[in-house]
Amino acid sequence: MAIDTKKEKEREEVHRAIWAIADELRGAVDGWDFKNYVLVTMFYRYISENLTAWINKDEWASGNTDFDYAELSDEEAEQARADIVPSKGFYILPSELFCNVHKRAANDENLNETLERVFRNIEESSKGSEAEDDFAGLFDDFDVNSNKLGGTVAKRNERLVKLLDGIANMNLGSVMDHDIDAFGDAYEYLMTMYASNAGKSGGEFFTPADVSELLTRLGTVGKTTINKVYDPACGSGSLLLKAEKVLGKDAIISGFFGQEINITTYNLCRINMHLHDIGYDKFDIACEDTLTNPQHWDDEPFELIVSNPPYSIKWAGDENPLLINDPRFAPAGVLAPKSKADLAFIMHSLSWLAPNGTAAIVCFPGIMYRGGAEQKIRKYLIDNNYIDCIIQLPSNLFFGTSIATCIMVMKKGKSDNKILFIDATNECIKVTNNNKLTPENIENIVNAFTKREDIEYMCRLVPYDEVKEENYNLSVSTYVEQKDTREKVDIVKLNAEIKEIVAREQVLREEIDKIIADIEGDETDE
């Protein structure tokens, strides 16, 4: 596929602009907090331009080519609110659009109050509409009065002006040109930039783009459309949105569904949906504990489930007597350990997977071989032929952990009773301190997954009976022999060389003895 150099240049410009804002405000607001200010401001610019372009397009189509919503008075614009909110899900008065607030910002002594009022008005505009849940609390992490922005109102406003300037100067293209996807790309870049610097606090809810692509490709083999995509631990939504990027615009027919327990991350996920131009009626993101309070009973089952759930977190487990009877967990007859919820996420995902669906889930390696309750859950999954493939990934792919993780692929409608094991530990390149999957690496893994054939040192299709004999161990190393990269030694050749060395040594000794004898003889003659 040819690289669009113009698009790449625009992308690099945006990335440099983000770094410039970061450098400008670095001393004031540290990375992970500052990220929220940048993302919310980007979101504010995006929805302002999105609404303006949408209204203008309608007016221009009816012959009013000089019309510009941004130049309308608030009084004139107010009359259209009732017609626009049902379609867009929100409303912004002309005076409160990003471009107009930015224009006045440098001379606005009450800029912090202006922004607070504008954000409140945008949020309130969606109240009573179907989009209310998608806008509620979206601006909560943008604290205009935070001391992190400055010790005085003047200092805070000075930095807010710089922030608005920085976002305004970004070349983000036209919001109506969905091919550019500059807003969405800028979001992903910003998240990557801070996840890599924030360690666990950043990486735990951001799945790198290369891993996201692999999971989605695995889950969509042979498909051109997907009914619904779901992530039970959706973080900032990067995995959910990758399905659209892989399959194409409009390939996700009924939308995106996800649940996230962290309120800040939940807000980021909803912002991410808007920045990728997903209509409010095409996504449903909930903020609750997925394992004990799942929010999408009315929406399951899902044709595609992709997830990178938190590794080995604590959960209620058998402390909650209701969970063993929960239809998601009951079939295994045992709950995941209280100290390790990994297999609870697996059971939840399996329960909500459609008969024709695929679930691709990043897993902590320990769940593949540990005994006790985890072994019993593996036994249930294997005996019922739900596990399609286990892939061992290279180490150091994720922010905040160097552990070599695995991918478990599950299906309910398998055509055989075998499990494919893929050793992909060498499918990566090193980039600074992390490993990365290249498009070629991803292609190699997906091809091996699709062909479902034995490849020496890479993958093996293992019959059910063999996995059973191995006590339901799902570690790839149990089934796929690793290539011996040590130098091979030819023993016969080595022995011949040693024999030759010994013979030469003997000759040298004899010659030395002869020289010594000659010397001693000369001394006697004297």
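Modeller: Helices here are DSSP runs of H or I with at least four residues, numbered from the N terminus. The model is predicted.

Biologist: In which helix is Ile491 found?

Modeller: The run that holds Ile491 covers residues 491-525. By the numbering from the N terminus, Ile491 is in helix 19.

Biologist: Is Ile491 buried or exposed?

Modeller: Ile491 belongs to a nonpolar surface patch of about 440 Å², together with Val489, Leu494, Ile498 and Val502. The cut-off for exposed is over 50% relative accessible area. Ile491 has 52%, so the residue counts as exposed.

Biologist: Which side chain of opposite charge is nearest to Lys414?

Modeller: Lys414 sits in the loop between strand 7 (406-411) and strand 8 (418-423). Lys414 is buried and has no salt bridge. A salt bridge needs a nitrogen–oxygen pair within 4 Å, and the nearest side chain of opposite charge is 4.2 Å away: Asp416.

Biologist: With which side chain does the side chain of Lys414 make a polar contact at 2.8 Å?

Modeller: Residues touched by Lys414 include Asn385, Tyr386 and Ile387. The backbone oxygen of Ile387 is 2.7 Å from a polar atom of the Lys414 side chain. The side-chain partner at 2.8 Å is Asn385.

Biologist: How far is the backbone oxygen of Phe67 from a polar atom of the side chain of Trp60?

Modeller: Trp60 is in helix 2 (residues 31-61) and is partly exposed at 43% relative accessibility. Beyond four places in sequence, Trp60 touches Thr65 and Phe67. From the backbone oxygen of Phe67 to a polar atom of the Trp60 side chain, the distance is 2.9 Å.

Key: Residues are numbered from 1 along each chain as its sequence is written. This is a predicted model: local features need pLDDT of at least 70, side-chain atom pairs count only at pLDDT 80 or more; totals for chains, interfaces and linings use all residues. Side-chain values use heavy atoms; hydrogens and water are left out. Helices (H or I, at least four residues) and strands (E, at least two) are DSSP runs, numbered from the N terminus. Buried means under 20% relative accessible area, exposed over 50%, partly exposed in between (1.4 Å probe, protein chains only). Lys and Arg count as positive and Asp and Glu as negative; His and the chain ends are not counted. A polar contact is a pair of N or O atoms within 3.5 Å; within protein, one must be able to donate a hydrogen and the other to accept it, and residues adjacent in sequence count only if both atoms are side-chain atoms. Contact means heavy atoms within 4.5 Å. Patches are made of residues with over 30% relative accessible area and no salt bridge: like charges are joined within 9 Å, nonpolar side chains (Val, Leu, Ile, Met, Phe, Trp, Tyr) within 5 Å. Accessible areas come from the Shrake-Rupley method with a 1.4 Å probe; for residues, only the protein chains shown count as cover.
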